[in-house]
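Thanks for coming. I will go through one structure this morning, piece by piece. Please have a look at it before I start.

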Amino acid sequence: MKIGIVCYPTFGGSGVVATELGKALAANGHQVHFITYRQPARLDFFSENLYYHEVSVSNYPLFDYAPYELALSSKMVDVVRFEKLDILHVHYAIPHASAAYMAKQILATFGIKIPVVTTLHGTDITLVGKDMTYKPVVTFSINQSDGVTAVSDDLRKSTYDHFDIIKDIKVIPNFIDLERFNLQPKDHFKKAIAPFGERILIHTSNFRKVKRTQDVIHIFKKILDVIPAKLLMVGDGPERVNCEALSRELEVCEHVRFLGKQDAVEEILSVADLFLMPSESESFGLAALEAMACKVPVISSNSGGLPELNVDGVTGFMSAVGDVEDMAEKAIRILKDDSQLKVFKENALARAKEFDLKLILPIYESYYQQVIDES
Ligand code: GMT
């Protein structure tokens, strides 16, 4: 198939899923065309089946807000026409689904029919999409897509609960490339972080409010009161500065390392004993799956799609959003003895294997074929 993929080219979840999916499709013999405003973060190599089309928005003094969505639609029209694509797959509804709708209408005037699949990722529904500023457009463009997928049952349910959706939404969970994400021997790094064999906790995110990153610091403080430990904070975003201030205030800063954005997350995860994800809402929790693939159990909130990934008492534990006391107590339960920790680590990897890219890729391929056949 010739597949167009539209996504945000960022480190964030939806961009990573779209990029990894495109790479896997290309490796499986499909021709994949990425359409986005910047080279996606994990697409920095050459492959004969991968193409990248940059959307550039020309500016004009009249525009307080440059019309990215129009430039994107125009680029989609161009790529579909001249590369003769079979299907467009847009990740994150805003503004990709409505831009695709516009492109589809324009292409129809050239006698070209292009099926569109929209994948809902999370905040495009749960935070931004629900906002009345966008809701009518989001509802319309989801209903106009030829195929709609969501990354968890919970996200599918929220979409039906909050929007008037008449389309079938198929759940295709996120996936993990186990050839990249696996436990790697990084003993020298582990020694540098925790020279006295302290337990290593880790959090990775975009440090937005929804991640409740300050809870991570509070949980860590409570753990540190009982167990010698270190905390690695990976990623960057608006809440980082508040977390840094809080770790100084709670007098734990000498045990906390803020590493900023990192490409080789799997190497850092490889030294960790426990992953903390206290998010306010999380449609799937891809970062937790990446940790589990590196044999790192997860302490998370029980919000959104997290219960579909983190098996309570098996791959880690879950607590109510904001219950840092409970999260710390459960973390200590896992960390306090080696044999307990070993069992949770094995369970985390076994669970991650259920989301192996090799299992999920054929689901996307047959869904594309179904959508093409039906449209
Ligand atoms: O978590 C974020 O803030 C980034 C966001 C995105 O859209 O890139 O992630 C969402 O999509 C990921 C991939 O499907 C999911 O794993 C995340 O759970 C989801 N985030 C939220 O629902 C907050």
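**A walk through the model**

I begin with a detail: Glu251 lies in the loop between α9 (240-249) and β10. Helices (H or I, at least four residues) and strands (E, at least two) are DSSP runs, numbered from the N terminus. Glu251 is not a glycine, yet its phi is positive, at about 60°. Most residues other than glycine have a negative phi, and most peptide bonds are trans. A second detail concerns that last point: the peptide bond from Ile94 to Pro95 is cis, with omega near -10°. Pro95 is found in helix α3 (residues 93-108).

Some bookkeeping. This is a predicted model, in which local features need pLDDT of at least 70 and side-chain atom pairs count only at pLDDT 80 or more, while totals for chains, interfaces and linings use all residues. Residues are numbered from 1 along each chain as its sequence is written.

Now the domains. The domain assignment of the chain gives domain 1 (2-175 + 356-374) and domain 2 (187-353); such bounds come from an automatic or database domain assignment. Their C-alpha centres lie 31 Å apart. Across the boundary, 17 residues of domain 1 are in contact with 12 residues of domain 2, contact meaning that the C-beta atoms, placed from the backbone, lie within 7 Å. On the domain 1 side, the elements giving two or more residues are α1 and α6 (153-162). That side divides into seven nonpolar, seven polar and three charged residues. Here Ala, Val, Leu, Ile, Met, Phe, Trp, Tyr, Cys and Pro count as nonpolar, Asp, Glu, Lys and Arg as charged, and the others, Gly among them, as polar.

Next, the sheets. Seven strands form an open sheet with parallel pairing, in the order β3-β2-β1-β4-β5-β6-β7. Two strands pair if DSSP finds at least two bridges between them. The edges are β3 (50-54) and β7 (169-171), each with a single partner strand, so one side of each has no neighbour in the sheet. Inside this sheet, four bridges join β5 (residues 116-120) to β6 (residues 147-150), and Leu120 stands opposite Ala150 in β6.

The other open sheet has six strands, ordered β10-β9-β8-β11-β12-β13, and its pairing is parallel. Neighbouring strands are turned by 20° against each other on average, direction ignored. Helix α12 (residues 324-335) packs on this sheet, touching β8, β11, β12 (298-301) and β13, and its direction makes about 170° with that of β13. For such angles, axes are lines fitted to C-alpha atoms, for helices over the stretch in contact, and angles run from 0 to 180 degrees between N-to-C directions.

Last, the ligand. Where does the shell around the ligand lie? Domain 1 and domain 2 both give residues to the shell, so it lies between them. Of the 22 residues around the ligand, Gly12, Gly13, Ser14, Gly122 and Leu286 come nearest; a residue is near if its C-beta atom, placed from the backbone, lies within 6 Å. Both α1 (13-27) and α4 (123-126) supply at least two residues of the shell, and the largest share, four residues, comes from α1. By class, the shell has six nonpolar, 14 polar and two charged residues.

Conventions:
Contact = placed C-beta atoms within 7 Å.
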